[in-house]
Each structure stands twice: as structure tokens, then as C-alpha cells.
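Subject: Structure handover

Hello,

Here is the structure you will be working with.

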Amino acid sequence: MAVDAARSEEGFTSAVATRVMVAACRAARLDDRDAELIRLGENALFRLASAPVIVRVARGEEWLPTARNEVAVSRWLADEGFPAARIVEDLEQPLLAEGHPVTFWHLIEEGDRKATYGELGGILRDLHSLTLPAGLELPSFDPFGKQELRLDRAVIPEDDRVFLRKRWRELRGKFEELRFETPRGPVHGDAHVQNLMVDDQDQVILFDFEAFCFDHPEWDLMVTAVEHHSLGWQTDEQYAEFVGAYGRDLYDWHGYGTLRGLQEFGMTTWLMQNVQEDDRTAAEYRRRIAGLRDDDGPRDWRPW
């Protein structure tokens, strides 16, 4: 119990994630020397120097069911021949190290270009057309599931926390009134272009299955729609390629305003988890919380 309390107070920092990665690699008999932290977000991602493997460390034991879903989804998509990230099959997964679920993934050797928004629209269209196999049970999309934990644990000013809790309650009310007209199916849950890679064979690969679920396709379309219509992160031409490939612009849907609010809230609370990492992260959090406080104001948020 003392160890758990100390870990909770320490928080999920890059140093903590590195310690967990080392413990997990030793349990899996992998060489952790010179491993590189390549991303700290909802999870910590490390690239091993000793093998073409990515180690994914989750924030705490409460994410264990999510890690199990990620592994199951990867196996299903592999069976389908769908272009997606693959787990390392000869390791028991997920592994629990110091109270953190850890998974191991085959490294995707990057090619010479980034994925386009047209390719994102196309891969989502293909994903949404798949049928889940019997036995693969996935949760519904939950835009609120992680928010309480984030708000409880984040090191932010108290007036920010009060504001965010009030906004959280408002969004829950709007969500409860939301009515979808599309059938449920496989949904990625965090479908932005940064979750695509183009490998050295020029194949577009989908990865990051943490939010993968069985729900309405609008949850995937909202990400790029909000990035374009609210944040201006794509040119009109790029967004037109996305819409043309998928076949729908979510901006025209009556529920877009609610999904926009949910997406912007999630983007802000996702970033606020790491405000202690560096000044750059803290400054971007301040930009985002200021934007949430002014619904009609411009968004000068930066991609992260």
C-alpha cells in the first residue's frame, strides 16, 4: 500500500514510465538498454534499441481492460488482413509491471512520407465496413470515462478544475440528448491522421487502439471535422480529400456542435495530464483552457 501511495503521489511522468518500461522488458526478457521515449500522452511509448519493438506503458492498473481490448483488436484486424499495428505474438500480453499495463508491438518501419487526409478518410471507410467476429466484445464509446480521473489527478489551478467540472456536467447533459441515425460498428475512437503511418512499402497503417469500440461512426469523423472547422488545422483541400474519401462531412449533422464540445474538452484534459513535463506543454494547456472559456472566440491551439 505504501508503494501504491507513493506511486500515486509521484504521478505518471516520463521518469516513472521509464522505470515501468525497464521492469516490463526484464519480465519479458527483452533488452531495455538505450530504449527511447518517443511519446508521452495517454500512454508512454518507447522504441527499443535491441529489437524492432515498441513498448506501450499505460498510466495505471485501471487501464488493464483497455489494454486487453487493444490486444484483442490487433489480433482481429490481423485475421482480417487489415493494415494495422500488430502485437508481438510470442509474449504474454498485456503484462502488468508495477501496477501499469504494458503491451509490446512490432515496430512499423516508416517510409518517406506522411499519410494524407484522403487516406485517413479511406481507411476509416474500410474500417467502418467491417463486421466484428463472434466473441469479440467491445465497449461503447465513452467520452467521459477518463475525464474524472484526469480532473482528480491533474496539477492545475483550482479555478480551472472547477470550470472543467462544470463544463463536464454540461456536456454530459448534451450527450444524453444526442440522437444518432447510423448503425453501430467498429470505431477507432481517436481517428486523427497522426494515428496513421506509411511504412517503407508505402502501405498506410492504422495504430493506437486504446479507444477502439463498437459504436456510431460519427465518433471517428468528429476528430478531423473539429480539427478543420474549429481549429483550422487542415486546408480546405485537405479536408475535401477526407470528406471525398469517406463520403460524409460531419459539419452538416445536427449533432456536430455537441461532438465539437466533447472533442475540444477531451483534447484539453488529455494535454493537462502532462503540464508538469515542460513549459511548452503548460503553455499549450493554458491556450486550450482559455479557448474553452470562450466558446465563440478563435482557437489558436497547436497540434500536439
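Y239 and F242 are 3 residues apart in helix 8 (residues 236-246), so about one helical turn separates them. Please keep in mind that this is a predicted model. The ring centres of Y239 and F242 lie 6.0 Å apart and the planes meet at 25 degrees, so this pair counts as stacked. Both residues, Y239 and F242, are buried.

Across the whole structure, the search finds 11 aromatic pairs. One of them is formed by F180 and W219, with 5.6 Å from centre to centre and 50 degrees between the planes, which makes the pair tilted. This pair links distant parts of the chain, 39 residues apart. F180 is in the loop between helix 6 (158-176) and strand 6 (185-187), while W219 belongs to helix 7 (residues 218-229). W219 is buried, at 1% relative accessible area, whereas F180 counts as partly exposed because its relative accessibility is 22%. F180 and W219 also belong to a cluster linked by ring pairs, together with F141, F144, W168, F175 and W253.

Two arginines sit over rings. The charged end of R280 is over the ring of W304, 4.0 Å from the ring centre. For R293, the ring is that of F163, and the distance to its centre is 4.6 Å.

The volume of the largest cavity is about 30 Å³. Its lining consists of N43, A58, W63, T66, A67, E70 and E210. Of these lining residues, 3 are nonpolar, 2 polar and 2 charged.

Regards

Technical notes: Residues are numbered from 1 along each chain as its sequence is written. This is a predicted model: local features need pLDDT of at least 70, side-chain atom pairs count only at pLDDT 80 or more; totals for chains, interfaces and linings use all residues. Side-chain values use heavy atoms; hydrogens and water are left out. On a 1 Å grid over the protein atoms alone, a cavity is a set of points where a 1.4 Å probe fits but cannot get out, and a pocket is an open set with protein on both sides within 12 Å along at least five of seven lines; lining residues have an atom within 4 Å of a point. Grid points are joined across faces, edges and corners, and a volume is the space filled by probe spheres set on the points. Ala, Val, Leu, Ile, Met, Phe, Trp, Tyr, Cys and Pro count as nonpolar, Asp, Glu, Lys and Arg as charged, and the others, Gly among them, as polar. Rings of Phe, Tyr and Trp (its six-membered ring) pair if their centres lie within 6.5 Å; planes under 30 degrees apart count as stacked, over 60 as edge-to-face and the rest as tilted. Helices (H or I, at least four residues) and strands (E, at least two) are DSSP runs, numbered from the N terminus. Buried means under 20% relative accessible area, exposed over 50%, partly exposed in between (1.4 Å probe, protein chains only). A charge sits over a ring if NZ of Lys or CZ of Arg is within 6 Å of the ring centre and within 35 degrees of the ring normal.
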